[in-house]
Amino acid sequence: QNAWKSWVELEITNKSGNNWFSEYATTINLPEGCWISDYYLYVGDIKESGILAEKKSAMWIFSQIRNENRDPGILYYLTGNKVAFRVFPFAKDEVRKTGIEFLHKEPIKLNIDNNIVELGNKEETINENIETENIAYVSAQQKQKLNSVKRKPYFHFLVDASKDQNSNSTDYIKRIEQIIEANQLLSENAKISFVNSYVNTATLDNGWKEKYKNQSFEGGFYLDRAIRTTLFSAYQDKSKTYPVIIVVTDSIQNAVLDKDFADLKFTFPENNLFFNLEKNGNLREHSLMENPMKELSEILRECMFCETVLEYKLSDNSVAYLPNNNEPSIILKKDIFEVSKSQIIEKNWQSALAMQGQWTSQILHPETSDKEWLNMVKYSFISKVMSPVTSYLVVENEAQKAMLKKKQEQTLSGNKSLDLGEDTQRMSEPSLILLTILFGLAIWYREKRKRQLIK
């Protein structure tokens, strides 16, 4: 299949000096076009193969076993290409052996806990154009031949119109006017969205101030929804312009912004930044890729908003804009499409690419996720390639495997939108404290009975 399957085997030692059971946890950033296709963990002297399971079921089981100080290991997606890797438990100075198989098209470098691992080599790599009816893969080598272009940036203001923010409207308008005056080029074709429970978007024309004052200031500041809507609209536009997102609020920490936008990174190829416009008129940088609430350290830049992107022409004559880097890129030719079961083959790179396209499609169109979720889980099982809806898990014994199977059956037969959240909870069984109390009462009652019989 002109792809690599590479095993990375690890020996992990607990050097923390902690005599209690410890957990090893790290995050692996997978390069584009790289997926996990197998996993094992030694439990004592036995090499236990990973079980590919539905993600929420696997995380729930991991939580149960971990709370009992048993032997679980798990791999699962966080956001974007970030994968969590956890092994438990570790006694002081204990060595645990584990391994992960990676499926990739071209040579890659992985950073695992600051250890750089190089997989594959250029000499044996077969470069080919990969473009199907629905998806295209552009290799790092192909990108070297593409033309770089500079798209025109424009301001897109996301203004806080939540409850009680009408008292700040005059100040917010003044800030926007000041930054427009200082950045005339970015103000051409600028847009503004008034954000509360809804996102109402308009062009920044002569009537924008009146529209703002006429807003219903109510509900919360749903910044997550506003940013996603802005990125999606710009991606759909596929033009030689891109938005510079400016958040206008005094309370970004109170915004509804639960997670990052790494799943949507293909929609912002220029850079990963958005900005908060402060009272003093300064723009404070925030990251779309990680911890968006946190203000980034100030960096002096020679040129703001002057990054270039690569222009890729698809077979249907449409154009995609890709990050100007030495990494491969994946392009969706259609926003919504179906992946047939016949396309899915065990540990096949092309199948993994189709599954990635299916996942990205429902990120763009979350209204399809309930319909597509079960297929995504099934295709992951068939291919043995872990996806954002599945997880590789190692458990200790047959009882735990049976518990995982039962939990997974419950989840797959239920409605995804009504299922467990990813922050798993303990089973609705008697807690350890309650069991201890009941055990103590039983002993007390038995001793009391003995004393009565002696009398």
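Predicted model: local features only at pLDDT ≥ 70, side-chain atom pairs only at ≥ 80, totals over all residues.
Local features were taken at pLDDT of at least 70 and side-chain atom pairs at pLDDT 80 or more, whereas totals for chains, interfaces and linings use all residues. Residues are numbered from 1 along each chain as its sequence is written, and side-chain values use heavy atoms, without hydrogens and water.

The protein contains 10 helices and 23 strands (DSSP runs numbered from the N terminus; helices are H or I of at least four residues, strands E of at least two). Of its 455 residues, 49% are buried (under 20% relative accessible area with a 1.4 Å probe, protein chains only; exposed is over 50%, partly exposed in between).

Two cavities of 30 Å³ or more were found in the whole structure (sets of points on a 1 Å grid over the protein atoms alone where a 1.4 Å probe fits but cannot get out; lining residues have an atom within 4 Å of a point).

Glutamate 338 lies in the loop between β22 (329-332) and α7 (349-364). This residue counts as exposed because its relative accessibility is 62%. The C-alpha atoms of glutamate 338 and alanine 354 are 9.5 Å apart.

How values were computed. 1 Å grid on protein atoms, 1.4 Å probe; cavity = no way out; pocket = protein on both sides within 12 Å on 5 of 7 lines; lining within 4 Å. Points joined across faces, edges and corners; volume = space filled by probe spheres on them.
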